[in-house]
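Let's take a friendly walk through a protein model together. Keep the sequence and the 3D view open, and look up each place as we come to it.

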Amino acid sequence: MATPYTQVLPLPRHQHYPKPNPISKTVFTDRYFENHPLILLIDKCHSINQLKQVHARMLRVGLFFDPFSASKLIEASALSHFSSLDYAHKVFDEIPQPNLFSWNALIRAYSSRQDPIQSLLIFVNMLCEGSEFPSKFTYPFVFKACAKMKAFGFGRGLHGMVVKKGRVGLDIFVLNSLIHFYADCGCLDAAYLVFENMQIRDVVSWNTMILGFAEGGYEDEALKLFYKMEEENVRPNDVTMMAVLSACGKKFDLELGRWAHAFIQRNGIRESVILDNAVLDMYMKCGSIEDAERLFDEMGEKDIVSWTTMLVGYARTGDFDAARRVLNSMPSQDIAAWNALISAYEQSGKPKEALTVFNELQVIKKAKPDEVTLVCTLSACAQLGAIDLGGWIHVYIKKQGIKLNCHLTTALIDMYSKCGDVEKALDVFHSVNVRDVFVWSAMIAGLAMHGRGKEAISLFLKMHDHKVKPNSVTLTNVLCACSHSGLVEEGQAIFNQMVTVYGVVPGLKHYACLVDILGRAGELEEAVKLIRNMAVTPGPSVWGALLGACRLHGNLEIAEQACNHLVELEPENHGAYVLLSNIYAKSGKWDEVSMLRKRMRECGLKKEPGCSSIEVNGTVHEFLVGDNTHPRSQKIYAKLDEIAARLKSVGYVSNKSQILQLVEEEDMQEQALNLHSEKLAMAFGLISVAPSQPIRIVKNLRVCGDCHEVAKLLSKLYDREILLRDRYRFHHFKEGNCSCKDYW
Ligand code: ZN
Ligand code: ZN
């Protein structure tokens, strides 16, 4: 069962930074220097250039070698609003004997960076030099860096060090940062232990712990702690309330959320646009548009987050018109709002609309897309198989000199793989130096869906050499690769090493992959045994994999069991009935077939309509079954007739049992079989795609047996490459064969 890697992008968080003072260009004159003590002048600097002047002067008069004066210089260059950390570090390296203050300033400055490894390195240097000892102003920032880097081992070791320090180990500032560190690393038990053992706690301690619970998925514990805080007469502040609101939103508890909102108003909690936004977000998450609208209208100050929260909230309920209205009525249309709309469309399975918005942004608004825009749009291209536009974005990235970070790299690899060009995906993969676990996972998924299992495994093994630890998604992808390529032993071996070697506990998706691997190889009994002994309750994906395997091997008994389990869990699962009925049809059990159809009609099961899309010259064309709405419909149907004639001339007849099989797309009539969406798309591809180019089609359901057969023949008769991506994998048709080797 292919579970291609998809990336969920967090919406950008916007913060409002204080506006920097207008940078004064004054050059300090000699007289100025004479009249002001140098050390006080440091505080008066407004730019790095002024600071450099003071630095030069300090060197001249020898003041630089005074540790205290030097530390003031470090502080200003590392922590002021015009700071330059590179400069600060250079200055630091020149100081013969940096004092504690200088060490701390640098450690602190680096801890706020995206990648705070320097913070830890400087800390280690400090320990090695041994002239100064870390203080209560050192540890909090080292813990902060550890939290950001999820450097659990390092932080825990440091905790041990702090405990032995006596007074420092009791400092509230240090302990609060320790709670934050443990909570951020997902060790809520350890965080709570620190919290509980604190002799004195301030509101920050409570907030950190409550937020830790709320963000870590323990909403009830967060709320319990909030009540306890009240009992102990600690006054909650705006940060506490934000954590409480976040917990309410995650629990979808509207009543409690309303109560929290009233609590804020009743208790005179400092209100701010940030807190208002948190209330707004809670209402939207709890599904109360009315409450959100009321608050939004009352809000005095609104920022980009307020607007995008409304926009995303509407989009989530499927009301895209309202979302659009929000965008149009914004005072200034920030790129973040556009991104929110594009991402909302993309994540609601409306990639075509997402591309329309992107186009509008580009052509009409002439706005410059940022990284988030590009990632969302690439992901929409991937869904649609729109390789022209996806490739255009790749060129755009290169032309604009945008550096490929891991997000963009992942999105490009994903787009090229899903659009059928795995070679291009590999090019992107090999062109970058920095690859995180998501980049590796996306590439493995790409190879998997193209049936290049051996390469996927070898890439997976290479991760170790590059010191990237595979995660749960990586393992799903590599197991998926094994199943698509029939690599039974390899798949089993990797599965068995999951806990011991990779430290990942198998979840439903991994079990589903292994069932699929065993099932495809005909080891149905083995697969059933695995399901019986699973550590987690088997979900629909597991039974679905078993049912799919039964279809390949025509095992009726197990198929019936699997189907029963499947519809018990998912009564609306149309695909399950279709698969079972196909298995009946294959063994000629027509009575069962018609009984099943009757049952489906009685249950009023709705089918997801089959839809195939094809991109030609940058435009995406969509076809439904029997569609005749396309402007070139006449030409398409003429081509279909020609195809039928040519197929007949080579002796092809739609397989009788195929026709009588239920296909996911509808009907038992041969007519309908000929008008499947992917056939319409193929015919359109043949008349509109240049012969040198492959025809790329994306279908939302599993490709049916007849269409698969026809695609193989067409690739030979017309000497064309056809790339068809269905819900589960890629089919690459060439010279009469398919890359799936008829295994899907
Ligand atoms: Zn079909
Ligand atoms: Zn195939």
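A residue is called buried when its relative accessible area is under 20%, exposed when it is over 50%, and partly exposed in between (1.4 Å probe, protein chains only). With that in hand, look at T377: it is buried, because its relative accessible area is 0%.

Before going further, some ground rules. This is a predicted model, in which local features need pLDDT of at least 70, side-chain atom pairs count only at pLDDT 80 or more, and totals for chains, interfaces and linings use all residues. Residues are numbered from 1 along each chain as its sequence is written, chains are lettered from A and ligands numbered from 1 in the order in which they are written, and side-chain values use heavy atoms, with hydrogens and water left out.

**The whole chain**

The protein chain has 744 residues, of which 53% are buried. Its C-alpha atoms fill a box of roughly 100 × 55 × 55 Å along the principal axes. There are 40 helices and six strands; helices (H or I, at least four residues) and strands (E, at least two) are DSSP runs, numbered from the N terminus.

How confident is the predictor? The score called pLDDT gives its confidence in each residue, from 0 to 100. The mean for the protein chain is 86, and 92% of the residues reach 70 or more. Helix α37 (residues 656-660) has the lowest confidence, at a mean of 49, while α25 has the highest, at 96. Over residues 1-25 the pLDDT is below 50, and it also stays under 50 over residues 662-670. Where pLDDT is low, the predicted coordinates should not be read in detail.

**A buried threonine and a buried helix side**

Back to T377, which lies in helix α22 (residues 371-384). A contact means heavy atoms within 4.5 Å. Setting aside neighbours within four places in sequence, T377 is in contact with I342, L355, F358 and I393.

Which residues of helix α27 (residues 453-465) are buried? They are G453, A456, I457, L459, F460 and M463. These residues cover an arc of only 160° around the axis, so they sit on the same side of α27; the arc is that of the directions from the helix axis to the C-beta atoms. On the other side of α27, K454 and D465 are exposed. The cover over the buried residues includes α25 (422-431), α26 (437-449), α28 (472-484) and α29 (488-496).

Donors are N, O and S atoms within 2.8 Å of the metal (3.2 Å for Na, K and Ca); water is not among the atoms, so sites may look incomplete. Here are the two ions.

| Ion | Donors | Distances |
|---|---|---|
| Zinc ion (ligand 1) | H676 (ND1), C704 (SG), C707 (SG) | 1.9 to 2.3 Å |
| Zinc ion (ligand 2) | H708 (NE2), H731 (ND1), C738 (SG), C740 (SG) | 2.0 to 2.2 Å |

Why is the arrangement around the zinc ion (ligand 2) tetrahedral? The four donor atoms subtend angles of 104 to 118°, and four donors count as tetrahedral if all angles lie between 85 and 135 degrees. C738 and C740 are buried.

A disulfide is a pair of cysteine sulfur atoms within 2.5 Å, and a search of the whole structure finds zero of them. The cysteine sulfur nearest to that of C381 belongs to C419, 6.7 Å away. The sulfur of C611 is 14 Å from the closest cysteine sulfur, in C707, too far for a bond.

**Two loop residues with positive phi**

Most residues other than glycine have a negative phi. N617 has a positive phi near 45° and sits in the loop between β1 (611-616) and β2 (619-624). D719 has a positive phi near 50° and is found in the loop between α40 and β4 (722-725). N617 is exposed, with a relative accessible area of 71%, and D719 is exposed at 61%.

How values were computed. Tetrahedral: all angles 85-135°; square planar, octahedral: opposite > 155°, others 65-115°. pLDDT = per-residue confidence, 0-100.
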